[in-house]
Amino acid sequence: MRADAERSRRRILDAACEVFLERGPDAPLDAVVRRAGVGPATLYRRFPDREALVRALVTDLLARLAEAADRARRDETDPYRALRRFVHAAADLRMGAAIVVLLERLVVDEDLVAVRREAVTAVEALLRAAQDAGRLRADVGMGDLVLLCVRVSRPLPGALATLDADGSLVHRHLDLALAGLAADPDGPTGRPLGFDEVIAAAGRPGEPGPGGAAPGGVALDQTVLDQVASDQTASDEVAE
């Protein structure tokens, strides 16, 4: 692909991520075109319909997630610092929150499951290394880490968004959360949440398993988003 074509594709995917996160996966594609600064023909030439755009975006985000995890492991000698670096990189890409929103309307097939598995494997390697080094609580699971990133990285609603216009507040809150995950021999323990439990809670009975494709994909409902909102409300009530 020519360099200018790749730049146009990158602008479209980045713009789609922002627009879908702000307005949901049913946002007008014209909004993506305006945000990307390209013509409608440029978008539709690369992505003939909404599902093609959403699928390309989810695949791209998962690939970048795996790349960020691999880079953090290569560049950091301390496993906990590697995990921290990855979490902050993922927040900059707005991955956690965006993927949950986008999966609402995406039919999952074997190809998408394979891309997701690669990303999950890379991140789980970071998590296990930090735990094996005694730098991360043993009761932290992949599902805990994913949902933590989703909660913290979602845009603040309404006028509150001005508090984090430059994104620095997200990173501060991530550091506060990660400090709470650091290993503490006297701290409380619990059962780690696995990533497979997150997928099951999302309601995907038609998802392909290790043995092959299941008949018919099932679009993700609002289960995860509703649970996140419910948990946040409960936490706020306890805090009050």
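These are my notebook entries on a predicted model of one protein chain.

**Entry 1: overall make-up**

I began with the secondary structure. The chain has 11 helices and 0 strands. Read from the N terminus, the order of elements is α-α-α-α-α-α-α-α-α-α-α. I then looked up burial: 40% of the 240 residues are buried. For the surface, I noted an accessible area of about 12,700 Å² for the chain. Carbon and sulfur atoms account for 53% of that area. Next came the contacts between residues at least 6 apart in sequence. Of these, 71% join residues at least 24 apart.

**Entry 2: helix α1**

How far apart are the end C-alpha atoms of helix α1? I found 30 Å for this helix, which covers residues 3–23. Its 21 residues, at 1.5 Å a residue, should span 30 Å, so the two values agree. I listed the buried residues of α1 as well. They are A5, S8, I12, L13, A15, A16, C17, V19, F20 and L21. In general, an α-helix has 3.6 residues a turn, so residues three or four places apart point the same way. Just after α1 comes G24, and I noted its positive phi of about 90°.

**Entry 3: T42**

I looked up T42 next. T42 lies in helix α3, residues 40–46. Is T42 buried or exposed? Its relative accessibility is 17%, so T42 counts as buried, the cut-off being under 20%. I then set aside its neighbours within four places in sequence. T42 is then in contact with S8 and I12. Both S8 and I12 are among the buried residues of α1.

**Entry 4: α5 against α7**

Packed helix pairs are described by the angle between their axes and the distance between the axes. I looked up both for helix α5 (residues 79–92) and helix α7 (residues 110–132). The angle is about 145° and the axes are 8 Å apart. The crossing of α5 past α7 is left-handed. Which residues make the contact? From α5 I have P79, Y80, A82, L83 and F86. From α7 I have V123, L126, L127, A129 and A130. By class, the contact holds 10 nonpolar residues, no polar and no charged.

I also checked R128, which sits in α7. R128 counts as partly exposed because its relative accessibility is 44%, between the cut-offs of 20% and 50%. From C-alpha to C-alpha, R128 and L83 are 9.7 Å apart. In sequence they are 45 residues apart.

**Entry 5: α5 against α9**

I turned to helix α9, residues 168–181, and its packing on α5. Here the angle is about 145°, with the axes 10 Å apart. α5 passes α9 in a right-handed crossing. On the α5 side, the contact uses Y80, R84, V87, H88, A91 and D92. On the α9 side, I noted V170, H171, L174, D175, L178 and A179. What classes do these residues fall into? I have 7 nonpolar, 2 polar and 3 charged. Y80 is listed in the contact with α7 and also in the contact with α9.

**Entry 6: S153**

S153 is buried because its relative accessible area is 11%, and the limit is under 20%. Its C-alpha atom is separated from that of A91 by 6.0 Å. Along the chain, S153 and A91 are 62 residues apart. A91 is one of the α5 residues that meet α9.

Definitions and conventions:
Residues are numbered from 1 along each chain as its sequence is written. This is a predicted model: local features need pLDDT of at least 70, side-chain atom pairs count only at pLDDT 80 or more; totals for chains, interfaces and linings use all residues. Side-chain values use heavy atoms; hydrogens and water are left out. Helices (H or I, at least four residues) and strands (E, at least two) are DSSP runs, numbered from the N terminus. Buried means under 20% relative accessible area, exposed over 50%, partly exposed in between (1.4 Å probe, protein chains only). Contact means heavy atoms within 4.5 Å. Accessible areas come from the Shrake-Rupley method with a 1.4 Å probe; for residues, only the protein chains shown count as cover. Axes are lines fitted to C-alpha atoms, for helices over the stretch in contact, and angles run from 0 to 180 degrees between N-to-C directions. A crossing is left-handed if the near helix is turned anticlockwise from the far one by less than a right angle, and right-handed if clockwise. Ala, Val, Leu, Ile, Met, Phe, Trp, Tyr, Cys and Pro count as nonpolar, Asp, Glu, Lys and Arg as charged, and the others, Gly among them, as polar. The expected span of a helix is 1.5 Å times one less than its number of residues.
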